[in-house]
Amino acid sequence: SGLAPYLREQIRQDAVKLIAEFNEANSTNYDLYKDGLKLVTTIDAEMQRYAEKAMQQHMKSLQHAFYTHLGKQEPWDKEKNLLDNAIRESEVYKNLKRQGLGEKAILAAMNEKKPMTIYSAYQGEVEMQMSSIDSIKHYLKILQPGMIAVEPQSGKIKVWIGGLDFKYFQYDQVLAPRQVGSVFKPVLAAAALEQGLDWFTHTCVGYVEVDGHIYRCAGGIPHGNVNLRQALEQSCNCYFVRLGQQLGGRAVWEMARRLGFGQAVYLS
């Protein structure tokens, strides 16, 4: 509970390891939980509070948009294994299996409705009548945020948000492996500026097709002239696809390497 719980949990894990290493190297016996050690972080409490409040507000509207987009569809309609794996990996399923129940009996038990406390994207913690399988379906459709703000001059972490609510979602989205997506667009912008292009000379059409895949600009972005600055501000997909084609893959890859993307792979 409290401010920045995901960051504090990561600090706790790191501290346990660091103290163990220190004790081994110095023949000491410091204990994180008993010896009154003070851990000083670089977190900015005011920024963190603003970020958490903004996240909670934004995620409600984003979740609503996602539910509206799904309509009568479900995320697992085209990939049934998504739901099946989630059911079989759940603690409820594993506990029933350890009790010796067969598959049919397990699923029957998991379909029985009972009172439970769940996390609602709109209301937070709520009491509901729901089966275990309904609960699993509910959580498969909950969107999760991840946010980190770093002071560029020093590398100090100022904001860390690893999920919606630490009590219910202890998997830290800040540390989750994922494709970089639009975060990579500044890398292309840096490569373009280094090659002599400027902020105001480029154009972007409404969409661009590459190998049969159509990239579109997000809603509201004009289809006419868009310069580099506007494209970066508005995260215009088709603009950066065209820019990448213009720059060439190796130039972008080399910029990524120099900026510290250690696992950047060049595909010709």
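Helix H3 passes helix H6 in a right-handed crossing, a crossing being right-handed if the near helix is turned clockwise from the far one by less than a right angle, and left-handed if anticlockwise. This is a predicted model, in which local features need pLDDT of at least 70 and side-chain atom pairs count only at pLDDT 80 or more, while totals for chains, interfaces and linings use all residues. Residues are numbered from 1 along each chain as its sequence is written, and side-chain values use heavy atoms, with hydrogens and water left out.

**The H3 and H6 pair**

H3 (residues 80-88) and H6 (residues 132-140) pack at an angle of about 120°, with their axes 10 Å apart. That makes H3 oblique to H6, since angles under 35 degrees count as roughly parallel, over 145 as roughly antiparallel, 65 to 115 as roughly perpendicular and the rest as oblique. The axes are lines fitted to C-alpha atoms, for helices over the stretch in contact, and the angles run from 0 to 180 degrees between N-to-C directions. From H3, the residues Leu82, Leu83, Ala86 and Ile87 meet Ile133, Ile136, Lys137 and Leu140 of H6, where contact means heavy atoms within 4.5 Å. The residues of this contact divide into seven nonpolar, no polar and one charged. Helices (H or I, at least four residues) and strands (E, at least two) are DSSP runs, numbered from the N terminus.

Within H6, the buried residues (under 20% relative accessible area, with exposed over 50% and partly exposed in between, for a 1.4 Å probe and protein chains only) are Ser132, Ile133, Ser135, Ile136 and His138. They pack against helix H2 (45-70), H3, helix H4 (91-98), helix H5 (103-110), strand E1 (114-120) and strand E2 (124-130). His138, itself in H6, touches Tyr67, Ile118, Tyr119 and Ser120, not counting residues up to four places away in sequence.

**Nonpolar cores**

A nonpolar core is a set of buried Ala, Val, Leu, Ile, Met, Phe, Trp, Tyr and Cys residues joined through side-chain atoms within 4.5 Å. The largest has 19 residues, and those with the most contacts inside it are Leu228, Ala231, Tyr239, Phe240, Leu243 and Leu247. Two or more residues of this core come from each of helix H7 (185-194), helix H8 (228-234), helix H9 (237-247) and H10, and H9 gives the most, with six residues. Leu243 touches Leu188, Ala192, Leu197 and Leu228, not counting residues up to four places away in sequence. Apart from this core lies another, of 16 residues, among them Ala4, Trp160, Ile161 and Leu164.

Val252 is found in helix H10 (residues 249-258). Leaving aside neighbours within four places in sequence, Val252 is in contact with Phe184, Val187, Leu188 and Leu247. Val252 and Leu188 are 64 residues apart in sequence and 6.0 Å apart in space, C-alpha to C-alpha.

**Accessibility of single residues**

| Residue | Relative accessibility | Class |
|---|---|---|
| Ala4 | 5% | buried |
| Val252 | 10% | buried |
| His138 | 16% | buried |
| Ser235 | 25% | partly exposed |
| Gln153 | 70% | exposed |

Ala4, in the segment before helix H1 (5-26), has a phi near 50°, a positive value in a residue other than glycine. Ser235, in the loop between H8 and H9, has a positive phi of about 55° although it is not a glycine. Gln153 has its place in the loop between strand E3 (147-150) and strand E4 (157-161), and Gln153 and Lys94 are 59 residues apart in sequence and 48 Å apart in space, C-alpha to C-alpha.

Conventions. Nonpolar A, V, L, I, M, F, W, Y, C, P; charged D, E, K, R; others polar.
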